Structures are given as structure tokens and as C-alpha cells.
Amino acid sequence: MGGGGGRGKRSVRGRATPSTTAAEEEEEEEEERKREEGEGILATEEDLGEDDGEELQAAWVPRLRVRGRTRPRACQSRQPRMTPWRLLRCCQWTAAWVPVLFIAVVICWSYYTFVVELCLFTIAAQEEEGKAAIYLVIFHLSFVLFMWSYWKTIFTPPVCPSKEFFLSQSDEEHYEKEERPEVQQEILKRVAKELPVYTMTSTKLIRYCEKCQLIKPDRCHHCSVCNKCVLKMDHHCPWVNNCVGFSNYKYFLLFLFYSLVYCILVTTTVLEYFIKFWTTNLRNTRAQFHVLFLFFVATMFFISILSLFCYHLWLVGKNRTTIEAFRAPVFLNGPDKNGFSLGWSKNWRQVFGDEKKYWLFPIFTSLGDGVHFPTRLMMDKEHVTGTNHHEHTRRVYSLAQMVKNGAQELFQFWIDSKFFCWTT
Ligand SMILES: [Zn+2]
Ligand SMILES: [Zn+2]
């Protein structure tokens, strides 16, 4: 007990001093480990923050930072130990993939039922090979697009803010040491002045993530499941075990769209044989079971996905994320749900891009970089930190104009001098 008290002043950041013995270091490791276990608590309201959509997903959150600081020892442990906390995290990771696995099993089973039981064992067996071939071609086209968009939604990592949004080492230390919130805000304001930040918290403060230690770009939110800040975060989707945000929102929409296409295709083609199994002497007990079940499953998925898809189409038309639909982004003049709306057509282009030929393919074509977002009132509004965004644009423009005017004058002078030479 005495030993523990003697090291009470040990810096959270600091590594053991060079004079520390191996035994002492081992003891410290043990102490650190115990502390880690103690920290594995359910994220409190304070942890989840008040500004974000993170409370939409209250979950077990590994506290990777102590009061916002990275624990340096986390990656220095010499031997992996299966502590209860690690075991819990392992279980949590496995549990997160269960919905994805469930969907994958349903897709595989529907593929088997449609291709093998319906097309090969039922339709082709009735000497309707041509019909079976057409069904198979259309089915595989929609299946490939469906799987492609699903895959991209799952495995496209969410994009985090770039390094300029993080506080520098000195600012970070200054911020940590400072007790007064107003001085902390001054530090953040000074840093944010150089950044394209136009939204703020509901109390008109700079949006700052204590866990990632960064100034949140517009439309960026901290995901408590992924434990990081995600650009243009829409929501964390358990069905894809990924954050839906700037990097994969188009893929997510296409995933919903192709899911609907897949369900419609399966339901309409299966319906004929669904009726035949009951009304004619067409009998194949195994195929009958699979086909009937497939019809119900496809119909059920179609109904549930349709409402979600329609809601997201509405959001795209308004240029809103799910989080923004629940809580309007706050600009200098107050909350504005339509703050990022540029009109129906432009809003669609923000997500799907300018070239319509790529709209239906899960290829990244969204406009922008996930940090700069044109706003409806940008021309009239002042920068949140006091500088006018368009002042900068205007200055750049006037510089370009000056260069252009200078070149024109030079050219004119050259023409005039030539003319002067010719005439004299
Ligand atoms: Zn964060
Ligand atoms: Zn997430």
C-alpha cells in the first residue's frame, strides 16, 4: 500500500524513469492494468458528450484516453493477457459482427433457393430452360450490384478529421492545464480561426471532442461505438457494423436501393411458383418449402427497407444527415435545419456527384472533402470565429483579378508600342 502511495505523483503520460528497476516497472504495469480494468465502465453521459449524435448509440466505450490523453503504456505491454476487460472487448467485437453474419446467411440461403431450388430444380425441370436462363441473368446482375454496395458499405472505413483539426502539443497542454472554460474556449477559437468551421454547439461554443482532442469540422460527430470522430457522420449502422458517413453514405444508399431491387425481383419471380405449388399438382417438397419461405422473407425485408430508403431519399433531398434531422446544426445566427441545403438538384449532387453515369455504381463520387461544406447562407454569414469566409474568397478573387488586369494592361501596352513602332 505504501509503495502505491509513493508513486501517486507519477505522471499519467510519463514512462518510468531510467532508474526504475524491472521489479518496480512490473509492479507499475500491474497497477496500470488494474486501473485499465477499472476504467472499463459503461460510458457515462459526460463521456458521450452533449453535442453529438453519439448518445444515439450509448454503448460500451473503451476509454482510450485519461481526461482526453492517450495512455502511452497501452501499446507497450510486453505480453498479451486475457484480462476480463480484454475478454469483454473481444466478446463485444464478436457480437458486433452477428447482425452482418445474419444478413450474410440470409443472402446465401436466398441465392441457393433462387438459383438451385427455383431456377434449376423447378423452372428448368419443367422444360422452361429459356425462362430459367433469363431469370438467372437478371438475378445475377442485381445480386452483383447488391453485394458490391453491401461490401463497400461494410468495409469502407469512416474518415476522420485531418491533422490540422487536432490541437498542437503546446495548445493541448495549455488546454489541459487551464481550469477556466472561457480561456479554454479562447484557445479553441484561436485554433478554429484558421479552420473552415461554421457550426458550433447549441451554447455557441466551438465544437471540441475531448476524447479525440480535436476541433470538430462541420457535420463531424464522435461515434461512441467506433470511438472516433467521423466526417459527416450519419449514424452507426449495426447491420453493416460500420459508421455511415461521408466516405460511404452513397454506398449505403445504393445498398438500400439494391436490397429493394433484389427483394422485388425475388418476390415477383417466386410469386408465380408460390401460387403454382398450392393450386396445381406441381410438387417438390424441398423446393416448395424453400420457395415459400423465400417469398415471405423477401416481402418482409422489402417492407422494412422501403421505409428506411424513403426516409434517406428525403434526407438527401434536404442535404441533412440523420443526426442533423434530430438536431439542427447551429450557425452564427442560430440553429438551421436547412443550413446545408443548396436546393434539391445540388443536394443530390453532393452525395452522388456531378456525373450521372456513376450514380448507380458503388464508386466514390460524392462532392467535397468531408470538411468544407457549402452552406445556404454562406454569402451572408460571418465566420463563427469572427473572420468572414468570403473576405478570404474575395481577397483571392481580387488578387486573381489584379493579375488578370495587369496582364491585360501589359498586353495592351505591347500592342500599343507595336502600333507606335509601325506608325513611326
Ligand atoms: Zn472524437
Ligand atoms: Zn461508428
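In the predicted model, helix α4 is kinked by about 30° at V98, a position shortly before the proline P99. The helix comprises 40 residues, 84-123, and spans 55 Å between its first and last C-alpha atoms, which is close to the 58 Å expected at 1.5 Å a residue. Burial within α4 involves S110, T113, F114, E117, L118, C119, T122 and I123. The cover over these buried residues includes α5 (129-155), α8 and α9 (285-318).

One of the buried residues of α4, L118, also belongs to the largest nonpolar core, which contains 61 residues. Together with I215, V230 and V291, L118 touches the most other members of this core. Helix α8 (residues 249-279) supplies the largest share of the core, 14 residues. For V230, contacts beyond the neighbours within four places in sequence are made with P158, C160, C220, H221, C223, C243 and G245.

An unreviewed UniProt entry annotates residues 87-112, 132-151, 251-275 and 287-311 as "transmembrane region". In the model, the span 87-112 is 100% helix and 0% strand, with its end C-alpha atoms 36 Å apart. For residues 251-275, the chain is likewise 100% helix and 0% strand, and a distance of 36 Å separates the end C-alpha atoms.

Key:
Residues are numbered from 1 along each chain as its sequence is written. Chains are lettered from A and ligands numbered from 1 in the order in which they are written. This is a predicted model: local features need pLDDT of at least 70, side-chain atom pairs count only at pLDDT 80 or more; totals for chains, interfaces and linings use all residues. A nonpolar core is a set of buried Ala, Val, Leu, Ile, Met, Phe, Trp, Tyr and Cys residues joined through C-beta atoms within 7 Å. A residue is buried if 20 or more other C-beta atoms lie within 10 Å of its own, exposed if 12 or fewer, and partly exposed in between; C-beta atoms are placed from the backbone. Helices (H or I, at least four residues) and strands (E, at least two) are DSSP runs, numbered from the N terminus. Two residues are in contact if their C-beta atoms, placed from the backbone, lie within 7 Å. The expected span of a helix is 1.5 Å times one less than its number of residues. The bend at a residue is the angle between axes fitted to the seven residues ending there and the seven starting there. UniProt positions are given in the numbering used here, feature names are shortened, and annotations may be inferred rather than shown by experiment.
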